[in-house]
Amino acid sequence: MAAEPVHFLIPVYLEQRDALARFLRARLGSDSDIEDLLQDLYLKIVSLDPDYAVAEPRAFLYRLASNLLLDRARSVRRSQARDTAWRQVAHHTDGTDDVADSPAADTAVMDRQALHTLLQTLETLPERTRNIFRMHKFDGLSYAEVATTVGISRSAVEKHMMQALRALSRVRGS
């Protein structure tokens with residue numbers, strides 16, 4: 001098995017690697033992303049068409065490095081804009097602190113468990129009471145509309161609702 005040919009820019013890249021790192025460091029002002037950018041540059045070179053004509057390989061590498069810096073800056077700006085938009089939708093500010101509008105994870109879990117318990121309790125009710133409760137609370141029908149739909153008096157609907165609410169409040173209170 002023959003080894004793949006090395007792109008003609010790789011030896012130039014290896015020769016210029018330290019100088020490219022200084023070039024990137026001068027523009028970034030820190031060492032934090034230098035190795036990532038150099039790796040991205042290497043990958044960019046490897047992905048180039050080997051037949052691509054480059055008159056000045058060294059200048060070409062610096063142009064690629066500059067383009068990577070611009071791409072990274074654009075990415076950071078997009079990310080900040082996205083985060084700002086998300087923060088405006090999902091948070092409000094209390095003084096200087098950001099406060100999430102969504103509940104904490106433990107609160108969400110406890111609320112789901114409480115909902116599950118209430119739904120289980122609802123299933124233990126007589127079918128007619130359960131159906132009347134669902135029509136009123138879940139479907140949004142008034143007592144009069146439920147009474148007409150089921151074919152009973154409004155007073156009977158109120159009694160079924162009281163029975164359901166008593167059962168649910170017992171569970172909620174325990």
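Buried means under 20% relative accessible area, exposed means over 50%, and partly exposed covers the range in between (1.4 Å probe, protein chains only). By this rule Thr121 is buried, because its relative accessible area is 11%.

The model is predicted, so local features need pLDDT of at least 70 and side-chain atom pairs count only at pLDDT 80 or more, while totals for chains, interfaces and linings use all residues. Residues are numbered from 1 along each chain as its sequence is written, and side-chain values use heavy atoms, with hydrogens and water left out.

Start with the chain as a whole. Its secondary structure comes to 7 helices and 2 strands, where helices (H or I, at least four residues) and strands (E, at least two) are DSSP runs numbered from the N terminus. Read from the N terminus, the order of elements is α-α-α-β-β-α-α-α-α. The C-alpha trace spans about 90 × 50 × 30 Å along its principal axes. The radius of gyration of the chain is 33 Å, whereas a compact globule of 174 residues would have one near 16 Å. That radius is taken over C-alpha atoms, and the globule rule is 2.2 Å times the number of residues to the power 0.38.

Buried residues account for 25% of the 174 residues in the chain. The chain carries 23 positive and 24 negative side chains, and the centres of the two sets lie 8 Å apart. In this count Lys and Arg are positive and Asp and Glu negative, with His and the chain ends not counted. The place of a charge is taken as NZ of Lys, CZ of Arg, CG of Asp or CD of Glu.

Contact means heavy atoms within 4.5 Å. Among contacts between residues at least 6 apart in sequence, 53% join residues at least 24 apart.

Next come the cores. A nonpolar core is a set of buried Ala, Val, Leu, Ile, Met, Phe, Trp, Tyr and Cys residues joined through side-chain atoms within 4.5 Å. In soluble globular proteins, nonpolar side chains tend to be buried together. Here the largest nonpolar core has 21 residues, and those with the most contacts inside it include Tyr13, Leu20, Leu24 and Leu61. Helices α1 (10-28), α2 (34-47) and α3 (57-90) are the elements that give two or more residues to this core. Apart from it lies another core, of 13 residues, among them Leu125, Met135, Ala164 and Ala167.

Which residues does Leu24 contact, leaving aside its neighbours within four places in sequence? They are Ile34, Leu37, Leu38, Ala65 and Leu69.

Helix α3 also holds Tyr62, which is buried at a relative accessible area of 16%. Not counting residues up to four places away in sequence, Tyr62 touches Gln16, Ala19, Leu20 and Phe23. Tyr62 and Ala19 are 43 residues apart in sequence, with 9.6 Å between their C-alpha atoms. Ala81 lies in helix α3 as well, and counts as partly exposed because its relative accessibility is 46%.

Return now to Thr121, whose place is in helix α4 (residues 105-124). Beyond residues up to four places away in sequence, Thr121 touches Ala167, Leu168 and Val171. Thr129 belongs to helix α5 (residues 127-138) and is buried, with a relative accessible area of 2%. Leaving aside neighbours within four places in sequence, Thr129 is in contact with His160, Gln163 and Ala164. From Thr129 to Arg74, 55 residues apart along the chain, the C-alpha separation is 60 Å.

Ala144 sits in helix α6 (residues 143-150) and is partly exposed, at a relative accessible area of 37%. Ala144 and Asp71 are 73 residues apart in sequence and 64 Å apart in space, C-alpha to C-alpha.
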